Amino acid sequence: ELRIMREGSVLASEMVEPSEDSDLKRVRIPFTPDHNGTAIYTAEIPVIEGETVAENNVKEFSIHISDDRLPVLYIEGSPRMEYRFLRRAMFRDPNFRVVGMLRLAADRVYVQGANPEESYLAQGFPKTKEQLFKYQAIILGDIEASYFSKDQLQMLEEFVKERGGGLLMLGGVNSFGQGGYDRTPVEKALPLNISSMDPPYSDSTYVPVLAEQGLNHPVMRLVPDERQNRLLWETIPPLIGITPVRGVKSGATLLLKNPKDGLPVLAVQNYGAGRVAAFTSGGSWYWQVSMPASNEFHERFWKQLIRWLVIGAKDHLVASTDADSYARQGPVIVQAEVLGKDLRPNNEATVIATITDPIGNSEDIPMDWILSQEGVYQARYVPDLEGNYSVKVHVADMEVADVVTSFRVAEPLVEFSDAGLKRELLKNMTEISGGKYFEYPDTKDLVVTAKDDARRLQRTAAVSRRDLVWDMPLIFLMLLGVFAVEWIVRRRSGLA
């Protein structure tokens, strides 16, 4: 039985049967880590009775766990149906990490799905770029522009333009022009023309239709076949509610519209390094309740739209090591990629890697730009101790969050890294040397075979004899002939 353990607890186990044709067997044991960060795990095989060497039954290894789900921040101004169904559509997908902010009162926010390090959300919308830029997509529900400060509205525009994130605004009573977003930095990013003089939100019911460019846009391709995809959109249930706007900006793409008056329902555009979408209805939840529970149209649409929005999202700082585990005194290469505010490689940054060893000692190592790679920096470190090391990469002259990674130093065990017998090599060696190759359980005959070979060798006498060349006339004449031919050739060629 092979067990995967951490701190004495068995996380997974599997019975392993030895192979008949090989001493080496690779086993995959799936298990779910119970924490984020770096931890030591143990692969262990219980010692059996009579086992001579038990030290190699245990192998320690480290795993660094990070949450790679797509982080989405969804802020909603009221507990409406759209918030419930849209959040659920993403929550059920393991590739999304949805953090919901639901305003319950002027100074009270209900936060769902946040990590402990996101406790600042209890005080309201992120107040710094470091906090906001941790997400790849922002969804603004039915919430007015005055809820945000001027700096926060500016950060939302820069979140798209500089960070390359995705921004989605949903329709509602307090959205778009009626929400006061005209003449704000957010208006610059929106694909729609809006004004505070626009009509109020309407609760009308209608079936949206595809715009001219809608069918072929990646957001709207919910099934691969074009004919089936068109049929899918032509048979969707109605929407309830729409926010009237003035129209679509030049350069934006209209995907869905209201057939009654041609008003935009869904429009998208690229903005700076990121993407923006405007969905003027607040009633897409009706798609879900109007269809059978097995129909995934509603979920598929929203997940596809969010994925399209975040396609350009980039991190300003990424750090890693060239391996997860090293031998003591073996060089560790720390690498970082740095992007500037414009998301272009920054070759003039001051990058420092702070490495902390297993006993808590820290060392700052400057990272040098690699001339052959734009925006990539490296540092070399030689560990003296065995154990877990942490690496924090910091850019001194940029407002970007530090990145932390880790590695482990352990004594290398050749037995584990190359445990199989090299049968073909051993057989070739024995054939060349005149020996014999044995495999277990044939080794029981080894002693008998060795004794038989020893007796045979004793009966075989090795005789050596030395003869002079001139005592062998035929060979002597052949040698003289070779020398004569060489002399004639050299004379004719004019050689000495």
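User: In β8, which residue is the bridge partner of Tyr74?

Analyst: The bridge partner of Tyr74 in β8 is Ile139. Strands are DSSP runs of E with at least two residues, numbered from the N terminus, and two of them pair if DSSP finds at least two bridges between them. Here strand β5 (residues 70–76) and strand β8 (residues 137–140) run parallel and are joined by 4 bridges. This is a predicted model, in which local features need pLDDT of at least 70 and side-chain atom pairs count only at pLDDT 80 or more, while totals for chains, interfaces and linings use all residues. Residues are numbered from 1 along each chain as its sequence is written, and side-chain values use heavy atoms, with hydrogens and water left out.

User: What is the order of the open sheet of 9 strands, and which are its edge strands?

Analyst: Read across the sheet, the order is β7-β6-β5-β8-β9-β17-β16-β15-β12, and the pairing is mixed. The edge strands, each of which pairs on one side only, are β7 (108–112) and β12.

User: How are β12, β15 and β16 joined?

Analyst: Strand β12 (residues 209–210) runs antiparallel to strand β15 (residues 253–257), with 2 bridges between them, and Leu210 has Leu256 of β15 as its bridge partner. On to strand β16 (residues 264–271), β15 is again antiparallel, this time through 4 bridges, and Lys257 stands opposite Pro264 in β16. These two strands, β15 and β16, form a hairpin with 6 residues between them, and Gly262 in the turn has a positive phi of about 75°.

User: What is the order in the open sheet of 8 strands?

Analyst: That sheet has the order β18-β20-β23-β22-β21-β24-β25-β19, with mixed pairing. Its edge strands, each pairing on one side only, are β18 (317–321) and β19 (325–326). Within the sheet, strand β24 (residues 387–395) and strand β25 (residues 403–409) run antiparallel and share 7 bridges; across this pair, Lys392 stands opposite Val404 in β25.

User: Where is Leu479 found, and how many residues of α11 are buried?

Analyst: Leu479 lies in helix α11 (residues 473–492), which is hardly covered, the count of buried residues among its 20 residues being 0. The helix should span 28 Å, and its end C-alpha atoms are 29 Å apart, which agrees. Leu479 itself is partly exposed because its relative accessible area is 40%. Together with Met472, Leu474, Ile475, Met478 and Phe483, Leu479 forms a nonpolar surface patch with about 610 Å² of accessible area. Patch residues have over 30% relative accessible area and no salt bridge, and nonpolar side chains (Val, Leu, Ile, Met, Phe, Trp, Tyr) are joined within 5 Å, like charges within 9 Å; a salt bridge is a side-chain nitrogen of Lys or Arg within 4 Å of a carboxyl oxygen of Asp or Glu. Accessible areas come from the Shrake-Rupley method with a 1.4 Å probe, and for residues only the protein chains shown count as cover.

User: How many helices and strands are there in the chain?

Analyst: The chain has 11 helices and 25 strands, and 42% of its 496 residues are buried.

Notes: Buried means under 20% relative accessible area, exposed over 50%, partly exposed in between (1.4 Å probe, protein chains only). The expected span of a helix is 1.5 Å times one less than its number of residues.
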